[in-house]
Amino acid sequence: MTTRSLARAALLGALAACAGVPRDVPPSIPMDIHSHCEPERVRVTHASLDLEIDHAKKEIRGAVVLSLDRHDKESPLILDVKGLAIETVTGSDGGVRLWQIGPEDKNIGSALAIQLVWADTSVRVVYRTTERAEALQWLEPDQTADRAAPFLFTQGQSIFTRTWIPLQDSPGVRITYDARVRAPAGQTVVMSAEQVGQGPDGAFRFRMDRPIPSYLIALACGRLEFRPISERCGVWAEPSVIAAARSEFADTEKMVQAAESLFGPYRWGRYDLLVLPPSFPFGGMENPCLTFATPTVLAGDRSLVSLVAHELAHSWSGNLVTNATWSDFWLNEGFTVYFESRIMERLYGTERARMEQQIGLADLEREMKELAPRDQVLHVDLRGRHPDDGFSGIPYVKGALFLERVEEVFGRGLFDRFLRSYFDTFAFQSITTGEFVHYLRKELFAQDRALAATIDLDTWLEKPGLPADLPRVQSKPLAEVDERIAKWKEGTAPADLATRGWVTQQWLHFLEGIADRLDAAAMSKLDDAFHFTQTGNCEVLDVWLRLAIAARYGAADARLEEFLMTVGRRKYLEPLYKELAKTEEGKQRARAIYAKARPRYHAATTASIDGILADKGK
Ligand code: BES
Ligand code: ZN
């Protein structure tokens, strides 16, 4: 028996009422091994939040009213919780209800089982968060750009919403929500929903009337300002960052229009961006109506805006059509990387899109050298694991390459029509890999059996490695870089390499292309010519700092330490800590820096860095 079924058996034993009443026919919901909830029996359909944010106590407290769809009237309501303090539970009539928290699984937390009475159509849970809330990051003023006020943000994906809201935390269960949130004077609250103004009590109000998976419920609270970009797009940021953010994201409306012309109408009302403080653990997070973004994307020259294209694309792939379980995560990210590329191509041309594709594949091939075979599978087996454990470029880049392969075989015209109908057919639903395959076979493959026979779905979706029919693009601007790399290897001085006009993606390709030949002396010459150590482009800086560690280039030490102390983006920190951990001396240094930096990182980042610096074998 699994922990999950044991927990359920214990709870049901304690709570279940008599059997024998016929059950309603339940809607089919795929089994999600990362949730305790049993939505086919009792399903949450709406959450109404009434919360207060307390920076001093680092606590969110309040209540949530959950509306219920009860298919099996005998069954208790089962919610997911982790590190939440539950105070009281009442039913529709205001009367108290029996509840019990089951044993905690380290990955998925506990089941909160609530015994309902016959007439209950909703429950109200009064609760508060604790210091164990992995979704939340409470920032001191000195961790923000303006250093003027504390800041709070949430990160729900993959299974962290249960650490700040008791609910059915499975991507297969979609709910609508509304919220009323009180915050200290001078602070602004934003959420992944439509803003419906401030009440007379100063509370911020929100409404999400389209059904979304729980991992997309998000909140941030701090000293924030807003600037419009267009009628439906705008940007939120701390006052000192707002101008830079507004200028970096100036093309957002054009991106929304490009995406709409490719995949159908944008169905979420507004599309705004929120620039978070630098400890934000991801590049971006596609919270509906309001993408959360790292400030490291503000390069000053819009060279990293593919991140906006990516998060925007999730408004279709991910938020409109969602992975039903975390094993289907590639449906979210693979489609999104594919669409991101289509949006980039529309806005900035084929070569720009190709450069990013080529770099994505090169990064994946480097990463795959260290990936266990089971983590190289698109339709990944996560039994016994946390959904984030096998996180890698596989669902992203291999997922997108699979779709590019289908496009290559069937042609853009047919493939685009297929995609458009895919989004319309599954809008506001959560689907599995199996459902996708069924639809693909029926709607696209059936149109030309001979073409379909050239795509081996089983190899692409269920096997490790990269299939032999993997599409490989070659971009001209990167081919030019390859020539310069060859020249450099033959001894041409950096200043004579004719790099004028190079864009970020070319510099990234250049650095990766010379990585295996670098020593400290060579890095010093490159630095004299190109000032990498001082670059304000975090993508370039991240690669440079990794090379500096490997080559023991001491002149970058201070910059490395400063970067590790301020930026919390997991994708940047992982390779740096890994590179440091390769030598005993580096590991000592990494541990000393990490001891100071760790309290400044979000739990999503520490979960991975802890593993890198752990004393294995001791
Ligand atoms: N949804 C992801 C972020 C995520 C994935 C959070 C899994 C938690 C668990 C987001 O859309 C994403 O992929 N962000 C990327 C940026 C992108 C341009 C590839 C990131 O954060 O680096
Ligand atoms: Zn994504």
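## Ligand 1 and its contacts

An oxygen atom of ligand 1 lies 2.7 Å from an N or O atom in the side chain of Glu311. Taken alone, ligand 1 exposes 520 Å², of which the protein buries 89%. The model described here is predicted. Two further side chains make polar approaches to the ligand. In Gln157, a polar side-chain atom is found 2.7 Å from a nitrogen atom of ligand 1, while in His310 a polar side-chain atom is 3.1 Å from an oxygen atom of ligand 1.

## The shell around ligand 1

Ligand 1 is surrounded by 16 residues, and the closest are Gln157, Gly283, Glu286, Glu311 and Tyr396. By residue class, the shell divides into six nonpolar, six polar and four charged members.

Three secondary-structure elements, β18 (284–285), α4 (306–313) and α5 (329–348), each contribute at least two residues to this shell. The largest share, three residues, is supplied by α4.

## The zinc site

The zinc ion (ligand 2) is coordinated by NE2 of His310, NE2 of His314 and, through two OE entries, Glu333, at 2.0 to 2.6 Å. Along the sequence, the donor residues follow the spacing H-x3-H-x18-E. His314 is placed in the loop between α4 and β20 (321–323), and Glu333 in helix α5, so the pair ties together parts that are 19 residues apart in sequence. His314 and Glu333 are both buried.

Why is the arrangement around the zinc ion (ligand 2) irregular? The six donor atoms subtend angles of 55 to 158 degrees, and this range makes the arrangement irregular. For reference, ideal angles at a metal with six octahedral donors are 90 or 180 degrees.

His310 takes part in both sites: its NE2 atom coordinates the zinc ion (ligand 2), and a polar atom of its side chain lies 3.1 Å from an oxygen atom of ligand 1.

## Backbone features

The peptide bond from Gln157 to Ser158 is cis, with omega near 0 degrees. Ser158 is located in the loop between β9 (151–154) and β10 (174–182).

Arg302 has a phi of about 60 degrees and belongs to the loop between β19 (290–293) and α4. The relative accessible area of Arg302 is 34%, so this residue is classed as partly exposed. For His531, phi is near 55 degrees, and the residue sits in the loop between α14 (520–530) and α15 (538–550).

Key
Residues are numbered from 1 along each chain as its sequence is written. Chains are lettered from A and ligands numbered from 1 in the order in which they are written. This is a predicted model: local features need pLDDT of at least 70, side-chain atom pairs count only at pLDDT 80 or more; totals for chains, interfaces and linings use all residues. Side-chain values use heavy atoms; hydrogens and water are left out. A residue is near a molecule or strand if one of its heavy atoms lies within 4 Å of it. A polar contact is a pair of N or O atoms within 3.5 Å; within protein, one must be able to donate a hydrogen and the other to accept it, and residues adjacent in sequence count only if both atoms are side-chain atoms. Accessible areas come from the Shrake-Rupley method with a 1.4 Å probe; for residues, only the protein chains shown count as cover. Helices (H or I, at least four residues) and strands (E, at least two) are DSSP runs, numbered from the N terminus. Ala, Val, Leu, Ile, Met, Phe, Trp, Tyr, Cys and Pro count as nonpolar, Asp, Glu, Lys and Arg as charged, and the others, Gly among them, as polar. Donors are N, O and S atoms within 2.8 Å of the metal (3.2 Å for Na, K and Ca); water is not among the atoms, so sites may look incomplete. Four donors count as tetrahedral if all angles lie between 85 and 135 degrees; four count as square planar and six as octahedral if opposite donors are over 155 degrees apart and all others between 65 and 115; anything else is irregular. Buried means under 20% relative accessible area, exposed over 50%, partly exposed in between (1.4 Å probe, protein chains only).
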